[in-house]
Structures are given as structure tokens and as C-alpha cells.
Amino acid sequence: MCAHCPVPVQQLSAVKVLALSGNTFVGGLDAVFSDLGFSGHLTTVDVSNNNFCGTLPVALFESSSLIEVVADVNCFDGTIPSGVCRASSLKTLSLSGLSTGTDCIEKYGGLFNFYTSKFLPGNIPSCLFQSTTLAVLSLSGNGIRSPLYDISPNSSLSNLSLSFNLITGVKREA
């Protein structure tokens, strides 16, 4: 349940760009993207720099017109769903620091302050490295322990950012 989050997207039928970055939204996004009625019109979703939590809703990626998703710096947990590849027109996917929002990092005090955040479990979906439309993939700062998959010769990736993860090597697709 979302305590302070926007209305379900299907109620905003004319909206093509949903920009909610830099607010104080908390809670899950499942209720926002629960109905697939928005699938034909939404092109850009930016929910970065909030405190959204839970998992990334797969329904978000059902839009055939979706071009850009930015969800950096929130409090998400769970894996990056393989359903991200359902967005057949997706060109930019920025999911850096998914668990680094201000409400989800733990501060330890004393003489010096330091902070910790959660690492995301699971692998980076291999389909992201096979996409012929995805040009920008940013997954930095998630502590993902995953192999890096071979990038398809047909891939459109021109900007790949995987800094501050726990990449374990290269996995060849069979």
C-alpha cells in the first residue's frame, strides 16, 4: 500500500510523460501501475529520488510505447524483473542506486558517520544485453552480484554503466 504516492496511471489517460522525481513519495508502485489500461500512451516514467519501496512492478514495462524509465535512488528491493524486456521500445533504463533513498539507508553514528544500504539480490536479466532498442543501461550502485552477459552483436547499447556492483565475470549465452 502506498501512503503518499500518485494516483493510478490509468486515471491519467492523456499523460505521456510521468515525471515525479525529487519528491517525498513513499510506498510501493504496484497500485500506480496495476492496470494495463495505460499501455498505449506512456512514453517516459521518472520516479527517481524518492523513497518508493517494494519491488519494481512488472506492469510498468507492459507499455509498448515506453521509451525511458528512470527509478534511481529509491528504496526498492528484490530483483530486477526479467519483465523489463517486455517494453519493446525501451531506449533508456536507469535503475542506479535502487536501495539508496534517504529512508532506506542506515546511519551509524559515533565519531564518524557512515551509511549502509541493501544490495539487490539476483542477476541482471540477460535480455537487457540482447535488446535491439535499449541504448542506455545504468545499474550502478546496486551491489548486484551477477555475471555480465555477452552483449549481442545486434544490441543497441551505447552507454552501459555497472559501477559499484559485484560483477562476477562474463557468462556466455548457450
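A: S138 is in strand β10, which covers residues 136-138. Strands (E, at least two residues) and helices (H or I, at least four) are DSSP runs, numbered from the N terminus. The model is predicted, so local features need pLDDT of at least 70 and side-chain atom pairs count only at pLDDT 80 or more, while totals for chains, interfaces and linings use all residues. Residues are numbered from 1 along each chain as its sequence is written, and side-chain values use heavy atoms, with hydrogens and water left out.

S138 has a relative accessible area of 15% and is therefore buried. Buried means under 20% relative accessible area, exposed means over 50%, and partly exposed is in between (1.4 Å probe, protein chains only). The side chain of S138 makes a polar contact of 2.7 Å with the side chain of S96. A polar contact is a pair of N or O atoms within 3.5 Å; within protein, one must be able to donate a hydrogen and the other to accept it, and residues adjacent in sequence count only if both atoms are side-chain atoms. Leaving out residues up to four places away in sequence, S138 touches L93, S94, L95, S96 and S161. Contact here means heavy atoms within 4.5 Å.

The loop between β9 and β10 holds T132. T132 has a relative accessible area of 51% and so counts as exposed, whereas S138 is buried. The C-alpha atoms of T132 and S155 are 4.7 Å apart, although the two residues are separated by 23 residues along the chain. T132 also touches N154 and S156, again not counting residues up to four places away in sequence.

Now the chain as a whole. The protein chain has 13 strands and zero helices. Of its 174 residues, 44% are buried. Among the contacts with a separation of 6 or more, 56% are between residues 24 or more positions apart. The chain exposes about 8,600 Å², and carbon and sulfur atoms supply 55% of that area; the areas come from the Shrake-Rupley method with a 1.4 Å probe, and for residues only the protein chains shown count as cover.

Three of the strands form an open sheet in the order β2-β4-β6, with parallel pairing. Strands pair if DSSP finds at least two bridges between them. The edge strands are β2 and β6, each pairing on one side only. Two bridges link β2 and β4 in the parallel sense, and G27 stands opposite F52 in β4. Another two bridges join β4 to β6, also parallel, with G54 opposite F76 in β6.

The structure holds two aromatic pairs. Rings of Phe, Tyr and Trp (its six-membered ring) pair if their centres lie within 6.5 Å; planes under 30 degrees apart count as stacked, over 60 as edge-to-face and the rest as tilted. F25 and F52 are stacked, at 5.7 Å centre to centre with 15° between the planes. This pair links the loop between β1 (17-19) and β2 (26-27), where F25 lies, to strand β4 (residues 51-54), where F52 lies, 27 residues apart. F25 and F52 are buried. F129 and Y149 form a tilted pair, 6.2 Å centre to centre and 35° between the planes. F129 lies in the loop between β9 (114-116) and β10, and Y149 in strand β11 (residues 148-149), 20 residues apart. F129 and Y149 are both buried.

There is one salt bridge in the structure, where the side chains of R86 and E62 meet at 2.5 Å, N to O. R86 is in the loop between β6 (75-76) and β7 (92-94) and E62 in the loop between β4 and β5 (68-70), so the pair ties together parts that are 24 residues apart in sequence. A salt bridge is a side-chain nitrogen of Lys or Arg within 4 Å of a carboxyl oxygen of Asp or Glu. E62 is partly exposed, because its relative accessible area is 26%.
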